[in-house]
There are 2 protein chains.
Amino acid sequence: MKKRPIQEIRAFTRWYTDVIGLLDQHLLDSAWSLAEARLIYEIHAARHIQASQLIEMMHIDKSYLSRLLKKLEKEKIVSKKKSPGDGRAFLLSLTEKGQREFGMLNSASDEQIGRILEPLSEAQREELVGHMKAVMQLLNVKPDNYE
Amino acid sequence: MKKRPIQEIRAFTRWYTDVIGLLDQHLLDSAWSLAEARLIYEIHAARHIQASQLIEMMHIDKSYLSRLLKKLEKEKIVSKKKSPGDGRAFLLSLTEKGQREFGMLNSASDEQIGRILEPLSEAQREELVGHMKAVMQLLNVKPDNYE
DNA sequence: AAAAATAGTTGACTTTGTCAACTAAATGTC
DNA sequence: GACATTTAGTTGACAAAGTCAACTATTTTT
């Protein structure tokens, strides 16, 4: 295998790691840790979801998740009700407060991306998205292939 | 500002966050933490560098850095000598063992990227690199703009 | 010659994440 | 339908990662 493309991809990855770090920083100003914010995000996206599914999706330790959820319940962000079909399991969803919290996190993220796009023209923004989609398509890493 | 490109960029970022997580996993098998490995990487790249510069580059707390360096010195990966020009400062560099360690980490990273590129043709690899470069160019986020 | 700033270290602490053992319910097996 | 096995989630004990403030020793500024 040729060396050069590998080096270029590693350079991109290092750079984007930094970008992600910057994007995540707004979370430092929020009341939530990164893990909590992702949890809020995932529960919002799923609307109703079991802890076991979150474990699979997020590759997170179940004891850790259990404690994160406990905190989010205490803060009235997440509510838990018994699964109708499975007596061991619970269905998690966002409370109204949780929805509002999600909305705030979400629009903070949007604004942050917005600021980054500021200097670009409409056409450049489209280009950017095109390149990103192309990267995703070419490099369609299936997490499960690497576990 | 339009909503759609923002959502697409956020989707890309989430996806690439996962990719980076997978790429970082090989470090779990190494003797070094993520922070230590990055330190080894940065010191290698700079050849000689002061802790204060690392703090700036890596956005890392100075007490934390101090302890990481202490461990790397103990393990004979990094060596420290007094800066000729500044009596408070030290110049850090990799020992021979450090160089070897860097070499191992580095080729493990290369191999991992190599595996991801496996399914792609030579032409596709070039395409991929092209898209990545375009993203970097368009989105040339200067970390300092966001501090 | 102070005063202020910078380089790095240390102590005390918080946050984040992991591992193993456990309870309770569900599923598979004979 | 009783037993063994697996699955969902919780808890205790701990380890790793990261932060904050105070400190020493130099260097720079005024």
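**Two protein chains and DNA strand C**

In this predicted model, α5(B) provides the largest share of the surface near DNA strand C, with five residues. Other elements join in. Those giving two or more residues to this surface are α4 (62-74) of chain A, plus α4 (51-58) and α5 (62-74) of chain B.

Now take the whole surround. DNA strand C has 21 residues around it. The closest come from both chains: Ser63(A) and Tyr64(A) on one side of the list, Ser52(B), Arg67(B) and Arg88(B) on the other. By class, the surface near DNA strand C splits into nine charged, seven polar and five nonpolar residues.

Ser63(A) places a polar side-chain atom 2.4 Å from a base nitrogen of DNA strand C. Arg88(B) also meets a base: an N or O atom of its side chain is 2.5 Å from a base oxygen. Phe90(B) meets the phosphate instead. A polar atom of its backbone lies 3.2 Å from a phosphate oxygen of DNA strand C.

Next, the relation between the protein chains. Two copies of a chain are related by a rotation about an axis and a shift along it. Here, chain A superposes on chain B by a rotation of 179° with 0.0 Å of shift along the axis, at an RMSD of 0.1 Å. That is how a two-fold axis relates copies. Both copies use the same surface: 100% of the contact residues of chain A recur in chain B. Where does chain A come closest to the rotation axis? At His131(A), whose C-alpha is 2.5 Å away.

Definitions and conventions: Residues are numbered from 1 along each chain as its sequence is written. Chains are lettered from A and ligands numbered from 1 in the order in which they are written. This is a predicted model: local features need pLDDT of at least 70, side-chain atom pairs count only at pLDDT 80 or more; totals for chains, interfaces and linings use all residues. Side-chain values use heavy atoms; hydrogens and water are left out. Copies are superposed by least squares on the C-alpha atoms of residues with pLDDT of at least 70 in both. Contact means heavy atoms within 4.5 Å. A residue is near a molecule or strand if one of its heavy atoms lies within 4 Å of it. A polar contact is a pair of N or O atoms within 3.5 Å; within protein, one must be able to donate a hydrogen and the other to accept it, and residues adjacent in sequence count only if both atoms are side-chain atoms. Helices (H or I, at least four residues) and strands (E, at least two) are DSSP runs, numbered from the N terminus. Ala, Val, Leu, Ile, Met, Phe, Trp, Tyr, Cys and Pro count as nonpolar, Asp, Glu, Lys and Arg as charged, and the others, Gly among them, as polar.
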